[in-house]
Amino acid sequence: MKLLGNHILVERVKRETASTTGGILLPPIAMDDYNTGGLKEYRVLGVGPGRINRGGTTVPVECAPGDRVICHSYSKGAEVLDDGRMVITDDMILAVIPAQR
């Protein structure tokens, strides 16, 4: 798949059962939209070349394949593919967690 413009292909990072510092086990349901305010973590699979500004210059996307990004699970304009992956734009991203390079 060739992504165009500032589009980014992402997949949801699956959360396993976690525990608190006191040792209390938190099941995956504790990490759902209700408890996280709708914020989700995604892994970047691919990025487009970037947006073209008014001057005709390409502004590159600020993440790269392998990075993890945080965005709202209810982002307007996100396109969900049949296999669960999503195509989003760079303005939907709230934070980038760079991959170890």
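Two strands pair if DSSP finds at least two bridges between them; strands (E, at least two residues) are DSSP runs, numbered from the N terminus. This is a predicted model, in which local features need pLDDT of at least 70 and side-chain atom pairs count only at pLDDT 80 or more, while totals for chains, interfaces and linings use all residues. Residues are numbered from 1 along each chain as its sequence is written, and side-chain values use heavy atoms, with hydrogens and water left out.

An open sheet is built from six strands in the order E8-E9-E1-E4-E7-E10, with antiparallel pairing. Strand E8 (79–80) and strand E10 (93–97) are at the edges with a single partner strand each, so one side of each has no neighbour in the sheet.

| Strands | Bridges | Sense | Bridge partners |
|---|---|---|---|
| E1 and E4 | five | antiparallel | Val10 and Val44 |
| E4 and E7 | five | antiparallel | Lys40 and Cys71 |

The largest nonpolar core has twelve residues, among them Val10, Val44 and Cys71. Such a core is a set of buried Ala, Val, Leu, Ile, Met, Phe, Trp, Tyr and Cys residues joined through side-chain atoms within 4.5 Å. Two or more core residues come from each of E1 (7–12), E4 (39–47), E7 (68–72) and E9 (86–89).

Strand E4 also holds Glu41. Glu41 is buried at a relative accessible area of 8% (buried means under 20%, with a 1.4 Å probe and protein chains only). The Glu41 side chain makes a polar contact with the Arg68 side chain at 2.7 Å; a polar contact is a pair of N or O atoms within 3.5 Å, where within protein one must be able to donate a hydrogen and the other to accept it, and residues adjacent in sequence count only if both atoms are side-chain atoms.

Notes
Buried < 20%, exposed > 50% of the residue type's maximum accessible area, 1.4 Å probe, protein only. Helix = DSSP H or I, 4+ residues; strand = E, 2+ residues; numbered from the N terminus.
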